[in-house]
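Hi,

Here is the structure I promised to pass on. Have a look at it first, and then read my notes below.

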Amino acid sequence: MASADRHIAHLLRRAGFGARPDELDTYGPLSISRAVDALVNYEPATDEVDNFIGVPGYVGITTRGEFLPPSNIVDARQRWLFRMVHTRCPLREKMTLFWHNHFATGYTKIAGALGATEGARYLAAKAAEDPAGVRGQIETLRDNALGNFRDILVSIATDTAMLVWLDGRTNTKAKPQENFGREIMELFTVGVGNYTEADVYAAARVFSGWNLQRVGAAGTSAQRYEFIYNPAQHDTAAKTFSFAVYPDGSRTIVARSAGDGMQEGLDFIDGLASHPNTARFLAAKLYRFFVTEFGAMNVTFVNRVAGVYRQSGCDMKAVMREVLLSPEFWDESAYFTRYAWPVEFVVRALKEIGWSGFSVDSALAPLSNMGQTLFEPPDVSGWRTGQRWFASGAMLARMNFASALASNQKSTLAANARDAGRTPEGLLAYFQDRMATAAQDSSTAAELMTYLRATGAWTGSDAQLQAKSSGLAHLIAGSPEYQLV
Amino acid sequence: MNRRQFVKGGVAAFTVTFAAPEFLSDLARAQGARTRNLVVLYLAGGNDSLSMLAPYNDPFYYSRRPSLASPAGQVLPVGTDSSKVALGLHPRLTGLKQVFDQGRLAFVQRAGYADQSRSHFTGSDIWSTADTNSAQGLGWVGRYLDGFPLPVDALLGWNTTASLPRALQAGHVEVPAIASPSGYAFSSPNSGAEAAAERATSARIASHTPVDRPELAFVCGSASAALATIDRVATVAAYAGTLTGSQNYPTNGFGQALKAVAGAMAKGIGAKVFYVTTGGFDTHSAQGVNATGGAYYNLMGTLNDGLLAFYSDLRNQGLLDDTLVMSFSEFGRRISENGSQGTDHGAASVMMVMGGKVNGGLYGTAPKLNTDPGNPTLENSAGDVGYETDFRSVYAQVADNWLGTDSVRLLGGDFRKSGLSFI
């Protein structure tokens with residue numbers, strides 16, 4: 001791989017899910033700043049990736065009857081994986097995944113409360129495809145992937161799935177519900193240690209009356225749950241926090257009439273969104289997600305990105321431009337210093353090994369064994385990332401997915417490698433270029449060569465190329481080095 | 001009943017009886033060296049222990065939980081504790097009641113710590129590290145495993161969950177995560193000699209430890225742990241157990257995880273520690289304590305049926321005396337129910353200890369649920385259960401009296417507590 005491609009490949013591993021050959025062609029000729037521009041300034045209107053689902057030449061999906069992502073969670077998972085493989089707006093899908101982990105909402109609880117099809121609907125329906133215009137949580141996050149963080153918080157606080165997931169729908173004046181009030185501070189904004197238990201109780205009261213109502217004709221597809229501010233269930237008394245809620249330093253949300261009470265929650269969200277601890281909390285999380293998981297937190301980076309966040313008024317597009325153009329991001333010692341999440345690993349393997357004739361449905365069970373089921377984070381804090389992805393069973397699941405994919409792509413791999421495969425050295429070099437990894441340990445490279453020379457003399461026959469190409473793709477994608485992105 | 005049904009029923013009735021046929025235990029012994037083991041059970045989400053072990057004569061239990069309290073006539077009474085509070089198990093815990101009556105189940109009431117965290121994540125980190133100040137270090141079980149002399153066996157511990165819990169994070173011992181023994185195998189796009197060559201290559205790549213790249217070495221260690229253990233785990237995948245029919249292990253994840261643990265024990269795998277979890281305890285709304293099919297009712301069903309099957313199987317295998325199960329949860333829940341017929345995050349909770357050598361019974365004292373702000377058994381203006389026994393005192397007894405290690409060194413302090421004598 002050419003040197004310039006090496007940098008673009010880094011950018012696409014981080015701001016996307018690795019590079020398809022055509023993505024290298026698209027981004028390869030661009031300067032770094034133009035490539036970042038292209039990633040950050042995507043036009044949602046040009047992202048017609050869903051139109052290619054089921055089209056030959058793209059990765060497959062598996063239907064069980066009609067393919068219905070807005071009402072079937074398995075289909076919703078397939079659609080999202082399809083988007084990750086084929087999108088022309090990779091940063092959009094990557095940020096959606098980031099937000100999904102940040103506002104981690106699990107399907108099972110929603111489905112348990114509202115039913116399976118409704119569970120999928122409030123997580124994954126696109127407004128344009130829902131009979132009543134319901135927009136699922138992931139679509140909201142996807143539409144606002146690089147939006148204003150304050151707006152994202154408001155949309156999450158009024159999101160149907162979130163109101164079920166963290167029980168806001170039952171938050172009433174007489175019995176405030178603490179679940180959302182706690183997590184909006186602990187996990188969504190300022191972070192643990194920056195609020196008190198008393199703040200949790202006060203936050204619950206701020207959001208009292210932020211409930212759900214069911215509207216639309218009963219028994220029709222127009223019937224739906226939607227957010228309602230219910231003044232009768234709002235606690236109107238003043239609420240005082242241990243931190244400043246308003247720019248003037250005031251810690252108290254003053255008493256209002258019940259009719260105006262929704263403004264309290266909006267004020268509180270404003271206060272949280274613009275809180276310096278929120279800026280640092282997000283900056284640190286972005287550092288780990290986009291720059292590196294190795295070493296200590298980079299305080300310089302955090303302060304600078306937090307500054308951009310605050311100066312821009314919580315504008316995530318400005319923040320992400322800063323992140324992706326930062327010297328920390330482009331420091332070559334930061335390349336391959338993140339542990340790939342299971343979906344990153346799977347999608348990158350598809351892009352680098354091949355997808356023709358493979359269905360993303362076949363990746364769902366392996367992803368579960370690797371510890372990541374989309375729309376089903378383990379709890380509201382999201383997935384346990386970094387080294388905690390690498391329990392031995394989860395690593396074995398990665399190796400076995402690599403095997404299944406290499407097996408599926410066997411003849412294509414052999415055909416692609418025919419010229420390079422005249423010698424075992426040529427074959428190894430071909431795959432090391434096609435599936436770039438963190439610098440291979442010298443023993444890893446030596447073992448791969450030993451493997452190519454095992455089981456008989458090199459003939460370059462079709463049978464040998466089929467065995468050794470698929471074997472190499474399996475071994476490289478299953479190697480420790482490949483797990484770093 | 002035809003003869004075939006009779007025989008099937010007869011076998012089931014025979015094999016689940018507590019009077020274990022001796023040949024089974026002999027078989028188990030013959031299959032491998034016996035080893036004392038600890039099963040750490042995590043009830044994820046914050047268990048509402050007031051619904052699990054209810055002070056059913058406390059009028060405040062009913063006034064503060066109008067929709068959640070179990071009626072006194074429905075709980076399974078287990079006697080009174082040293083403070084004269086009558087306690088009853090959740091009505092669904094009929095199997096655990098049997099184990100309690102046999103003296104093999106202990107409850108440690110009001111276990112917790114000062115200023116208990118109400119955060120799931122900080123809370124579970126604290127319980128997992130046994131460190132209330134800085135809970136980002138190694139797990140307390142991991143530190144125990146680190147104390148074994150090198151080289152350690154690759155199956156020194158067995159984690160039945162998909163990801164590595166903090167309790168098992170160790171300095172140099174890799175605990176394999178084996179959620180399902182049958183899926184724990186090496187696959188290859190090829191067969192025969194080619195497949196064997198891939199597996200050998202994989203193992204050699206993984207076994208190399210790049211000393212100057214600890215982040216990469218970590219992944220190598222994980223792959224190595226997998227490859228070093230898959231053949232032995234395959235023997236467990238074939239484990240049938242001694243139970244059949246309705247007495248068998250539940251098909252849910254918890255039941256199957258316990259079956260794998262029993263299989264590992266019966267096959268003499270040699271693991272010293274097993275880690276099992278069952279979740280769904282974060283019952284903020286529609287907690288459903290009493291109605292059949294209610295959320296908490298089902299949680300108790302999962303817990304009861306899994307643990308009873310495990311207990312019965314181990315008893316039949318003659319392995320009960322080698323086994324200690326200890327449960328924990330990150331916090332208990334608020335005493336008063338909220339407006340959603342649920343309970344919010346609270347403080348102290350109940351720990352369970354079960355095993356053949358356990359001195360069963362009720363340890364510690366139940367909270368008095370009256371709302372007097374000065375109530376010494378409560379905290380947070382009488383909103384939450386106050387802790388009486390530091391959870392590390394329970395760990396200390398397990399460490400000293402079961403694992404045979406020095407609890408002071410393991411826990412970084414002397415947490416031994418007199419009167420706590422469940423093992």
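Chain B has 13 helices and 13 strands. Its radius of gyration comes out at 22 Å, close to the 22 Å that the globule rule gives for 423 residues, so chain B is as compact as a globular protein of that length. Of the 423 residues in chain B, 58% are buried. If you take the contacts in chain B between residues at least 6 apart in sequence, 71% of them join residues at least 24 apart. Do keep in mind that this is a predicted model.

One spot in chain B to click on is B:P91, in the loop between β4 (86-89) and α5 (94-101) of chain B.

Now for how the two chains meet. On the chain A side 55 residues are involved, in contact with 46 residues of chain B. Four helices of chain A each supply at least two residues to that side: α11 (178-188), α20 (392-408), α23 (442-453) and α24 (462-477). Which helix gives the most? That is α20(A), with 11 residues. By class, the side of chain A that touches chain B divides into 20 nonpolar, 23 polar and 12 charged residues.

Chain A also has a contact of its own to look at, between two domains. The domain assignment gives domain 1 (3-277) and domain 2 (342-483), and their C-alpha centres lie 33 Å apart. Between them, 33 residues of domain 1 of chain A are in contact with 26 residues of domain 2 of chain A. On the domain 1 side, the helices that each supply at least two residues are α1 (3-15), α4 (73-86), α5 (90-102), α6 (107-114), α7 (116-124) and α11 of chain A. Here α4(A) gives the most, with 10 residues. The domain 1 side has 20 nonpolar, nine polar and four charged residues.

You'll have seen α11(A) turn up on the side that touches chain B and again on the side of domain 1 that touches domain 2. It also packs against α12 (residues 197-206) of chain A: the two axes come within 7 Å and cross at roughly 115°. The crossing is right-handed. From α11(A) the contact uses A:E178, A:G181, A:R182, A:I184 and A:M185, while α12(A) brings A:D199, A:V200, A:Y201, A:A203, A:A204 and A:V206. Sorted by class, that makes seven nonpolar, one polar and three charged residues.

Last one: A:R214, which sits in strand β1 (residues 210-215) of chain A. A:R214 counts as exposed because it has 11 C-beta neighbours inside 10 Å, and the cut-off for exposed is 12 or fewer. Residues up to four places away aside, A:R214 touches A:Q223 and A:Y225. A:F227 is 13 residues away from A:R214 in sequence and 8.8 Å away in space, C-alpha to C-alpha.

Cheers

Methods. Residues numbered from 1 in each chain as written. Chains lettered and ligands numbered in written order. Predicted model: local features only at pLDDT ≥ 70, side-chain atom pairs only at ≥ 80, totals over all residues. Contact = placed C-beta atoms within 7 Å. Nonpolar A, V, L, I, M, F, W, Y, C, P; charged D, E, K, R; others polar. Domains from an automatic or database assignment. Axes fitted to C-alpha atoms, helices over the stretch in contact; angles between N-to-C directions. Left-handed = near helix turned anticlockwise from the far one by under 90°. Rg over C-alpha atoms; globule rule 2.2 N^0.38 Å. Buried ≥ 20, exposed ≤ 12 C-beta atoms within 10 Å, placed from the backbone.
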